[in-house]
Amino acid sequence: MEVLKIKHLTVPAPVISTSPIDFDAFVVNKDMVLGRIRSFPEDTACGRDGCHAQHFLDALSGPAVVVSDDVHAFIIAIVNLLLAGKCPPSLCEFIASAPLTPLLKLEGDIIPMVVGKILRRHVSKVVASSVSKDMHVYLGDYQFGVGVPCGSEAILRSANRILE
């Protein structure tokens with residue numbers, strides 16, 4: 001446990017501003033929400049709450065199709081609430097936190113692994129996919145990881161090759 005604590009230092013939780021937001025929040029629609037839910041790989045890990053992306057898909061199809069419009073509207077409302085910065089502070093730690101899990105490597109070393117909740121990851125995916133084309137144009141030749149499939153991974157692999 002001590003090795004894990006050294007590798008993953010704890011820091012105080014961020015302070016959530018109570019000031020009103022002075023800009024229009026990004027608002028999602030049905031297609032954005034469903035498209036990003038479908039973009040999760042089938043074996044995507046769940047967060048502490050045990051909710052998988054597949055749970056959302058199951059609630060929107062099959063026998064649940066009878067209530068899928070209501071479920072979809074509920075998901076859209078939650079995503080828009082979070083994007084508007086109106087999440088009640090008492091819920092922030094549950095939505096944005098993730099447990100730290102130690103994974104043992106064959107050599108005996110420990111890899112700290114953190115998996116956030118699907119809801120928070122979904123909100124991030126919606127926003128990232130919505131602004132990626134604009135950011136790619138805005139950043140132009142000064143970046144390699146935005147709007148480029150596997151761009152960040154390519155950067156890391158290249159850096160590792162140079163270091164080796």
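Predicted model: local features only at pLDDT ≥ 70, side-chain atom pairs only at ≥ 80, totals over all residues.

Biologist: Which residues is His72 in contact with, leaving aside its neighbours within four places in sequence?
Modeller: Those neighbours are set aside, so that the list holds contacts from elsewhere in the sequence. What remains for His72 is Lys30, Val33, Leu34 and Leu60.

Biologist: How are H2 and H4 oriented to each other?
Modeller: Good one to ask next! In general, two packed helices are described by the angle between their axes and the distance between the axes. For H2 and H4 the axes are 10 Å apart, and the angle is about 90 degrees. An angle of 65 to 115 degrees counts as roughly perpendicular. H2 and H4 are therefore roughly perpendicular.

Biologist: Which residues make the contact of H2 with H4, and how do they divide into nonpolar, polar and charged?
Modeller: H2 contributes Lys30, Val33, Leu34 and Ile37. From H4 come Asp69, His72, Ile75 and Ile76. By class, they divide into five nonpolar, one polar and two charged.

Biologist: Staying in helix H4, is Asn80 buried or exposed?
Modeller: Asn80 lies in helix H4. Its relative accessibility is 18%, and buried means under 20%. Asn80 therefore counts as buried.

Biologist: And what is Asn80 in contact with, leaving aside its neighbours within four places in sequence?
Modeller: With those neighbours left out, the contacts of Asn80 are Phe26, Val27 and Val28.

Biologist: How are H2 and H6 oriented to each other?
Modeller: H2 covers residues 30-38 and H6 covers residues 118-139. Their axes come within 9 Å and cross at roughly 110 degrees. That angle falls in the 65 to 115 range, so H2 and H6 are roughly perpendicular.

Biologist: Which residues make that contact of H2 with H6, and what is the handedness of the crossing?
Modeller: On the H2 side the contact is made by Met32, Val33, Arg36 and Ile37, and on the H6 side by His122, Lys125, Val126, Ser129 and Ser130. These residues divide into four nonpolar, three polar and two charged. As for its handedness, the crossing of H2 and H6 is right-handed.

Biologist: Where does Asp49 lie, and what is its relative accessible area?
Modeller: Asp49 lies in the loop between H2 and helix H3 (53-59).

Biologist: Which residue has its backbone nitrogen 3.1 Å from a polar atom of the Asp49 side chain?
Modeller: The side chain of Asp49 has a polar atom that lies 3.1 Å from a backbone nitrogen. That nitrogen belongs to Cys51.

Biologist: How far apart in space are Asp49 and Asp134?
Modeller: In sequence, these two are 85 residues apart. From C-alpha to C-alpha, the distance is 34 Å.

Biologist: To finish, in what order do the elements of the protein chain run?
Modeller: The protein chain has seven helices and two strands. Reading from the N terminus on, the order is α-α-α-α-α-β-β-α-α.

Methods
Residues numbered from 1 in each chain as written. Heavy atoms only, no water. Buried < 20%, exposed > 50% of the residue type's maximum accessible area, 1.4 Å probe, protein only. Contact = heavy atoms within 4.5 Å. Axes fitted to C-alpha atoms, helices over the stretch in contact; angles between N-to-C directions. Helix = DSSP H or I, 4+ residues; strand = E, 2+ residues; numbered from the N terminus. Parallel < 35°, antiparallel > 145°, perpendicular 65-115°, else oblique. Left-handed = near helix turned anticlockwise from the far one by under 90°. Nonpolar A, V, L, I, M, F, W, Y, C, P; charged D, E, K, R; others polar. Polar contact = N/O pair within 3.5 Å; in protein donor to acceptor, adjacent residues only side chain to side chain.
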